[in-house]
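Please find below a colleague's note on the structure shown here.

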Amino acid sequence: MTGFGGFALRRAVGAVITLLAISVIVYVVFYVTPGNVAQITCGPRCSPEQVHQVSQQLRLDDPLYLRYWHFLSGIFAGQDYSTGTSVAHCSAPCLGLSYQSDQQVTRIILTKLPVSMSLVIGAMVLWLILGVGTGILSAWRRGRFTERALTGLTLAGMSTPVFVIGLVLMIVVCGQLELLPFPEYVSFSDDPEQWAWNLLLPWFTLALAEAAYFARMTRASMLETLAEDHIRTFRAYGVGDRSIVGRHALRGALAPIIALNANDFGSAVGGAVLIETLFGLPGIGQELVHAVTVVDLPVVVGMVLVIGFFVVLANAVADVLYAVADRRVVLT
């Protein structure tokens, strides 16, 4: 197959292979860690007989490859789990049961995912507007005071930890000026206005931290594109600076911006732990840290796979956007 259909098929197959490789690596790494998982799950006061029973329920006595096969088959076909007195069915895609709460990992993820997606998507819109806009203005006003001022702000944003930005904004905006309430997550379906109002400060906190990198990347890409021969040709024909920057230079500089945004979006789904902890948002990042702390391996493995899925998906979408943004890119 050639053209876009063949490209999409190859990217889909590559994404599946990548996710399978991630699942193998993550599963092996976490399940060969030292420590008695059955003892940790049962608790310190359990007798050896109770620990052995928990080990059988969790199939910890099976070989590692067999446990992985059960895990993989559960994703595509579902799986039955023994709860001691009964058997519970976990529908596909089943990522297992939590050691700590006996809840389905898929259900836990679906509960936390809207919070993280709300945070990341809103912040992404802001960091693209702020970062790309700052980078374009800095490149356009090269050698002037505007560029030096924006470069200084960009370096300050890159060197300031995200939790410091969040604390300062919360103290000033919520505490001293009282412009916004202290964030408290509200579901979009319950109250869209309160959903946006309560997430505004976390959005700006994450966006300001990421926008600095986008501003630096955009400025470098714009300067490189503005130095190319076809841009000089446009200027020789009398095309205005605004038209050159907005219609020609920006389009040629979008490829690295798209790549950076794909990586940041995928990693931010589970990587915005500090933001979620600072503002009390019950998202995937905060749940992942808790699962690691209590050695809840099914939750850890399931969430790492979900984060990997978003990273792979974001990069696959970025590959398509390359060709849309720059006609010189050939889909292969």
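Which cysteines form a disulfide, and how far apart are their sulfur atoms?

1. The model is a predicted one, and the values that follow should be read accordingly. Cys90 and Cys94 form the disulfide, with 2.2 Å between their sulfur atoms. The count of disulfides comes to one.

2. The link of Cys90 and Cys94 is right-handed, with 110 degrees about the S-S bond. Both Cys90 and Cys94 are buried. Cys174 also counts as buried, because its relative accessibility is 6% and the cut-off for buried is under 20%.

3. The largest nonpolar core holds 76 residues, and within this core Trp127 and Met222 touch the most other members. Helix α5, which spans residues 105–140, gives the most to this core, contributing 15 residues.

4. Leaving aside residues up to four places away in sequence, Trp127 touches Val132, Leu206, Ala207, Glu210, Ala211, Phe214, Asn261, Asp264 and Phe265.

5. Two packed helices are described by the angle between their axes and the distance between the axes. For α5 and helix α6 (residues 145–159), the angle is about 145 degrees and the axes lie 8 Å apart. The crossing of α5 past α6 is left-handed.

6. In this contact, α5 supplies Thr134, Leu137 and Ser138, which meet Thr146, Glu147, Leu150, Thr151 and Thr154 of α6. Sorted by class, the contact of α5 with α6 comprises two nonpolar, five polar and one charged residues.

Methods. Residues numbered from 1 in each chain as written. Predicted model: local features only at pLDDT ≥ 70, side-chain atom pairs only at ≥ 80, totals over all residues. Heavy atoms only, no water. Core = buried A, V, L, I, M, F, W, Y, C linked by side-chain atoms within 4.5 Å. Buried < 20%, exposed > 50% of the residue type's maximum accessible area, 1.4 Å probe, protein only. Helix = DSSP H or I, 4+ residues; strand = E, 2+ residues; numbered from the N terminus. Contact = heavy atoms within 4.5 Å. Axes fitted to C-alpha atoms, helices over the stretch in contact; angles between N-to-C directions. Left-handed = near helix turned anticlockwise from the far one by under 90°. Nonpolar A, V, L, I, M, F, W, Y, C, P; charged D, E, K, R; others polar. Disulfide = S-S within 2.5 Å.
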